[in-house]
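These notes are meant to be read with the coordinates open, point by point. They move from a backbone contact to aromatic pairs and then to a pocket.

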Amino acid sequence: PYILSENGSLTKLDQRGGMALGLREYVIDEAPLYEETEIQLRNQDCLVIYTDGLVTATNDSLEDYGTERLERLLQKSYQEPFSQLIETIISSVNAY
C-alpha cells in the first residue's frame with residue numbers, strides 16, 4: 001500500500017506480512033498475527049491499496065507488471081481525480 005500525496009510524493013507503507021483491513025476488534029484480539037496501526041492522512045492524500053494480482057499480472061513474455069511500474073504510474077498520474085486514477089491503473093495493467 002502507498003500514500004499518494006497531492007504534490008506527487010509517494011510513500012510506501014510498512015507492510016509486515018499479510019494485510020488485514022477493516023477487521024472487527026474481536027478478530028484482532030484473537031489473532032495475534034495482526035497488529036493495529038494508525039496513519040494520518042492529509043486532505044487530498046490518496047491511500048492506494050491493491051491486491052497482489054495487480055503487480056503480478058504478466059505480459060506475453062511472462063514478465064510481472066511489478067511494483068516499480070505501479071510506482072512510476074502513480075507518480076505520473078498524481079493530479080488525476082481518484083476515480084480516474086483507478087481507470088488509469090486498470091488501463092495500464094491491461095495494456096501491459
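1. The model is a predicted one, in which local features need pLDDT of at least 70 and side-chain atom pairs count only at pLDDT 80 or more, while totals for chains, interfaces and linings use all residues. Residues are numbered from 1 along each chain as its sequence is written, and side-chain values use heavy atoms, with hydrogens and water left out.

2. Asp 45 belongs to the loop between α1 and β3, the elements being DSSP runs numbered from the N terminus, with helices (H or I) of at least four residues and strands (E) of at least two. Its relative accessible area is 10%, so Asp 45 is buried (buried means under 20%, exposed over 50% and partly exposed in between, with a 1.4 Å probe and protein chains only). Gln 44 is found in the loop between α1 (25-30) and β3, but it counts as partly exposed at 45%, and its phi is near 80°, a positive value in a residue other than glycine.

3. Leu 62 sits in the loop between α2 and α3 and is exposed, with a relative accessible area of 69%.

4. How many aromatic pairs does the structure hold? There are 2, a pair being rings of Phe, Tyr or Trp (its six-membered ring) with centres within 6.5 Å, and planes under 30 degrees apart counting as stacked, over 60 as edge-to-face and the rest as tilted. Tyr 2 and Tyr 50 are stacked, at 6.1 Å centre to centre with 20° between the planes. Because Tyr 2 lies in strand β1 (residues 2-4) and Tyr 50 in the loop between β3 and α2 (52-55), this pair ties together parts that are 48 residues apart in sequence. Tyr 2 is buried at 1% relative accessible area, whereas Tyr 50 is partly exposed at 23%.

5. Tyr 65 and Tyr 96 form an edge-to-face pair, because their ring centres are 5.4 Å apart and their planes stand at 90°. This pair links distant parts of the chain, with Tyr 65 in the loop between α2 and α3 (67-76) and Tyr 96 in the segment after α4, 31 residues apart. Tyr 65 counts as buried at 2% relative accessibility, and Tyr 96 is partly exposed at 21%. Arg 69 lies over the face of Tyr 65, at 5.7 Å from the ring centre (the criterion being NZ of Lys or CZ of Arg within 6 Å of the ring centre and within 35 degrees of the ring normal).

6. The lining of the second largest pocket includes Tyr 50, together with residues such as Cys 46, Leu 70 and Phe 82. A pocket is, on a 1 Å grid over the protein atoms alone, an open set of points where a 1.4 Å probe fits, with protein on both sides within 12 Å along at least five of seven lines, and lining residues have an atom within 4 Å of a point. α4 gives the most to this lining, with 5 residues.
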